[in-house]
Each structure stands twice: as C-alpha cells, then as structure tokens.
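Thanks for coming. I have one structure to go through today, and I will start with a single residue before turning to the rest of the chain.

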Amino acid sequence: MNDNLNDGTMIEHIPTAPRHEPALEPVLVAIRRLEEVVERETRLLLDGQTVDLVDINAHKSRGLRDFNKAMSKAAKTVDALALKSLQPVLDNLRKKLDRNCDAIKLHLRAVTELAGIIRNALETQEADGTYTVDQVRNGQGA
C-alpha cells in the first residue's frame, strides 16, 4: 500500500517486522537479497535496459538456496508463531515477484513481436516475387 507524503511523493509501507528471533535473521537476510535481485531485474526490464539473464538467474538461484537453507534451520529452532510472523515480509516479496513476472511477460511479448517482424522481413527479402516463401516450402514452387 502506498501513501502520499506532503510533497506528493509516494512511500511504500514496509511490512511489520517479524517477532525478534535471532534464528530468523538469516531468513530475513535471504529475503532482502532476493528482493534486491528481483527489483533490479524488474527495473532493468521496465527501463528497456540490457539484462544479463545468466547473472540474474544465478543470483536468484543462490538467493532461493540461501532462503530454503535458512528457513529449514529456523523451522527447527523457532516456534510456529515466530515463523508466522514472517508472513508480512513474505507477502511483500510475493508482490515484488508478481511485478517481476509481469515485467518478464512484457519483455517476452516484445521479443516475440520483434522476432516476428524480423522473420517477416527476411522472408519478404528472400522471395523473388514468383513464389512466396510458404509456397516454396510447401513444394508449390520450382
């Protein structure tokens, strides 16, 4: 949820912090790292900048591994109420992942459209006017 400041700028509400449990700190660190990489990728995609997908995916994989490892360890040492206190932080991560997914879908649609335009241009240039590329492919030419 966003609120306007007096100067008209927007601020994002930070989710309620989980109950203070030292065993949850590695989980929170892993979540923050995941959020950072997801937000970076989303920003790059939406700004039309080059995205190093290999690097981004490596960071996401590492972040997910760290998160799973930290959650597994925390689940063995803290009670269910402490784990439940992570829900607002996880909900916030989920929102960022949803936004990231939308940005990726938009990027893929654009890439697909561009590939179609390039394919059509190449097919038009390859055709000599006697037969279309599809006719040649279907054995109707020559």
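Predicted model: local features only at pLDDT ≥ 70, side-chain atom pairs only at ≥ 80, totals over all residues.

Arg99 counts as exposed, because its relative accessibility is 52% and the cut-off for exposed is over 50%. Arg99 sits in helix α4, which covers residues 87-126. What is Arg99 in contact with, leaving aside its neighbours within four places in sequence? The answer is Thr42 and Leu46.

Next, a residue in helix α1, Glu36. Is Glu36 buried or exposed? Glu36 is exposed, because its relative accessibility comes to 53%. From the C-alpha of Glu36 to the C-alpha of His59 is 9.8 Å, and the two residues are 23 apart in sequence.

Helix α1 spans residues 25-46 and helix α2 spans residues 53-77. Their axes come within 8 Å and cross at roughly 160°. Angles over 145 degrees count as roughly antiparallel, so α1 is roughly antiparallel to α2. The crossing of α1 past α2 is left-handed.

Which residues of α1 and α2 make the contact? On the α1 side they are Pro26, Val27, Ala30, Ile31, Arg33, Leu34, Val37, Val38, Arg40 and Glu41. On the α2 side they are Leu53, Asp55, Ile56, His59, Lys60, Gly63, Leu64, Asp66, Phe67, Ala70, Met71 and Ala74. Sorted by class, this contact has 14 nonpolar residues, six charged ones and two polar ones.

Now the whole chain. How many helices and strands does the protein chain have? It has five helices and two strands. Read from the N terminus, the order is β-β-α-α-α-α-α.

Some totals to finish. The protein chain has 142 residues, and 24% of them count as buried. Its accessible surface is about 10,500 Å², with 56% of that belonging to carbon and sulfur atoms. Of the contacts with a separation of 6 or more, 61% are between residues 24 or more positions apart.

Definitions and conventions. Residues numbered from 1 in each chain as written. Heavy atoms only, no water. Axes fitted to C-alpha atoms, helices over the stretch in contact; angles between N-to-C directions. Helix = DSSP H or I, 4+ residues; strand = E, 2+ residues; numbered from the N terminus. Parallel < 35°, antiparallel > 145°, perpendicular 65-115°, else oblique. Left-handed = near helix turned anticlockwise from the far one by under 90°. Contact = heavy atoms within 4.5 Å. Nonpolar A, V, L, I, M, F, W, Y, C, P; charged D, E, K, R; others polar. Buried < 20%, exposed > 50% of the residue type's maximum accessible area, 1.4 Å probe, protein only. Areas by Shrake-Rupley, 256 points an atom, 1.4 Å probe, with all protein chains shown as cover.
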